Amino acid sequence: MADVVAKPSDRHHVVVIGSGFGGLFATKQLKNADVDVTMIAKTTHHLFQPLLYQVATGILSEGEIAPPTREILSSQKNARVLLGEVTTVDLEARTVTSEVLGRGITTPYDSLIVAAGARQSYFGNDQFAEFAPGMKSIDDALELRGRIFGAFEMAELGALRGEDVDHLLTFVVVGAGPTGVEMAGQIAELAKRTLKKDFRAINTKRARVILVDAANQVLPPFGSRLGHWSQKALEDLGVEVMLGAMVTDVDERGLVVKFKSGRTERIDSLCKVWAAGVQASPLGKQLGEQSGAPVDRAGRIGVNPDLTLPGHPEVFVVGDMISLNNLPGVAQVAIQGAKHAAKEIDGRLKGKPSGGPFKYFDKGSMATISRFRAVASVGKVRLTGFVAWVMWLAVHLFYITGFKNRVTAVMHWFVSFLGRGRSERTATEQQIFARSALSRLDRGAADLVSPPGYYDSIAEQAEQDQRERLEQNAEQESRLTDSGQRGVSVG
Ligand SMILES: Cc1cc2nc3c(=O)[nH]c(=O)nc-3n(C[C@H](O)[C@H](O)[C@H](O)COP(=O)(O)OP(=O)(O)OC[C@H]3O[C@@H](n4cnc5c(N)ncnc54)[C@H](O)[C@@H]3O)c2cc1C
């Protein structure tokens, strides 16, 4: 049973689901509106996903790309933040039910902005996830960091034992979109530059980095010219680009790809990265079932042109969850959609006419290949190489949340791009194996804590017992000192 949380006041109450680009920008946009805002998200941070690959490859720390939402919103008086995974949205009752470690709460709303984003998609092969983590969360990035650096460590040990270590020094990135390209480029730089002097039994420069994609081009959304340029730049870096190759199986020791001709090939590789496809939050399906809005194969919900749900003008859906006019799943769609929804809610309360349909302004897209090399597509302009890389640097610096994160990110970029170091190579065994261990528990982490209410029932007795124990201890300590028994041998 979930407890119902009271509205903060009599004012119009906006509930925002998610603390990503959509959720955070919607909440901030409502700063001066005459509303209370409750942001509910399943993590306590706002995640800057475009730089996850730099956390995975030891360039940035997780804190630099994931500042606490509570801190970001600390001076926004009309906003409160609640930790919780939203399990149910009840459109009729106008409530949102969320849960943390088996403890549920239900929050009523007057307006709702849903920005729960997307998760990794394995195209119906979820069993691949255990052996090829995706790139959607801090957990993913830290697990991958452990796996990447761990593979070099295992190779060093294997080489000392006289074993074949080729599979340990083969890294496969699945998906040649921006994330896959950036990841493959960085693993190659790690092997060829950063780690080249750190090992004794292996030559890290011999590591193979393979970028696999079922499509026939790298970076399809960037067009064929930038795609070819990027492929050439990756190959110059030593990355093997394998196109037209669909992954049909993944296991602990490697993966199998199938080409159009029907030929299959097995690649032995301990460390695989999955950067191939996303599936919208399951909340989209739930909203579709209740409102009758269509939901596409990627789980994205068809919204009205003004981003509201059919039949529910009080509910907006923004960002990666929506299917509207072929809008791409990029940060700007989420940010601009969130601002549109927030302005619409504010306007309605002020009695202003509706702003009409959501209009997306495409600010362009960019991807890095390696240090000093990137591609950028802005309007009709196509940039490659150093100029695009400087542009990438400036844009990402601008959008990283928080001044101190910007300063430390710049310092870490100096270390990695001008030097050959990586400031964040720390990885632990738990980062690699904790997720898999948790998944073997029936209810995940909830199995590791007491059930709700457990302590309330025993709290009074426990407090009494503890008080008696503390009093007895204090009495004994004092008596030993007063009677001069300290340091006296008791014979
Ligand atoms: C590795 C990577 C690299 C990318 N690079 C770029 C890039 O270079 N440029 C670009 O424009 N875009 C990039 N993107 C895409 C961009 O990050 C997304 O389009 C954007 O984050 C979408 O914003 P959103 O608010 O819809 O979702 P998200 O930012 O994903 O936020 C979703 C939020 O909802 C929360 N949530 C999810 N489910 C629940 C639930 N049930 N209950 C409560 N909270 C929930 C999540 O914890 C999160 O806070 C990248 C994405 C990835 C994964």
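How many cavities of 30 Å³ or more does a search of the whole structure find? The search finds one. The views below are taken from a predicted model.

**View 1. Lining of the largest cavity.** The volume of the largest cavity is about 30 Å³. Its lining is formed by Leu101, Gly102 and Arg103, together with Arg443, Ala446, Val449, Ser450, Pro451 and Pro452. Sorted by class, the lining of the largest cavity comprises five nonpolar, two polar and two charged residues.

**View 2. Crossing of helices H5 and H12.** Helix H5 spans residues 138–160 and helix H12 spans residues 429–439. Their axes come within 7 Å and cross at roughly 125°. H5 and H12 are therefore oblique to each other. The crossing in which H5 passes H12 is left-handed. On the H5 side, the residues that meet H12 are Asp139, Asp140, Leu142, Glu143, Gly146 and Arg147. Gln431, Ile432 and Arg435 are their counterparts in H12. The contact of H5 with H12 has five charged residues, with two nonpolar and two polar ones.

**View 3. The second largest pocket.** The second largest pocket holds about 560 Å³ of space. Its lining consists of 22 residues, and those nearest the pocket centre are Arg147, Glu252, Leu270, Ile432 and Phe433. Two of the residues named here, Arg147 and Ile432, also take part in the contact between H5 and H12. H5, H12 and strand S16 (271–274) each contribute at least two lining residues. H5 gives the largest share, with seven residues. By class, the lining of the second largest pocket divides into nine nonpolar, eight charged and five polar residues.

**View 4. Packing of helices H1 and H9.** Helix H1 (residues 21–29) packs against helix H9 (residues 331–349) at an angle of about 35°. The axes of H1 and H9 are 8 Å apart. H1 passes H9 in a crossing that is right-handed. From H1, the contact takes in Phe21, Gly22, Phe25, Ala26 and Gln29. Eight nonpolar, two polar and two charged residues make up the contact of H1 with H9.

Methods. Residues numbered from 1 in each chain as written. Predicted model: local features only at pLDDT ≥ 70, side-chain atom pairs only at ≥ 80, totals over all residues. Heavy atoms only, no water. Axes fitted to C-alpha atoms, helices over the stretch in contact; angles between N-to-C directions. Helix = DSSP H or I, 4+ residues; strand = E, 2+ residues; numbered from the N terminus. Parallel < 35°, antiparallel > 145°, perpendicular 65-115°, else oblique. Left-handed = near helix turned anticlockwise from the far one by under 90°. Contact = heavy atoms within 4.5 Å. Nonpolar A, V, L, I, M, F, W, Y, C, P; charged D, E, K, R; others polar. 1 Å grid on protein atoms, 1.4 Å probe; cavity = no way out; pocket = protein on both sides within 12 Å on 5 of 7 lines; lining within 4 Å. Points joined across faces, edges and corners; volume = space filled by probe spheres on them.
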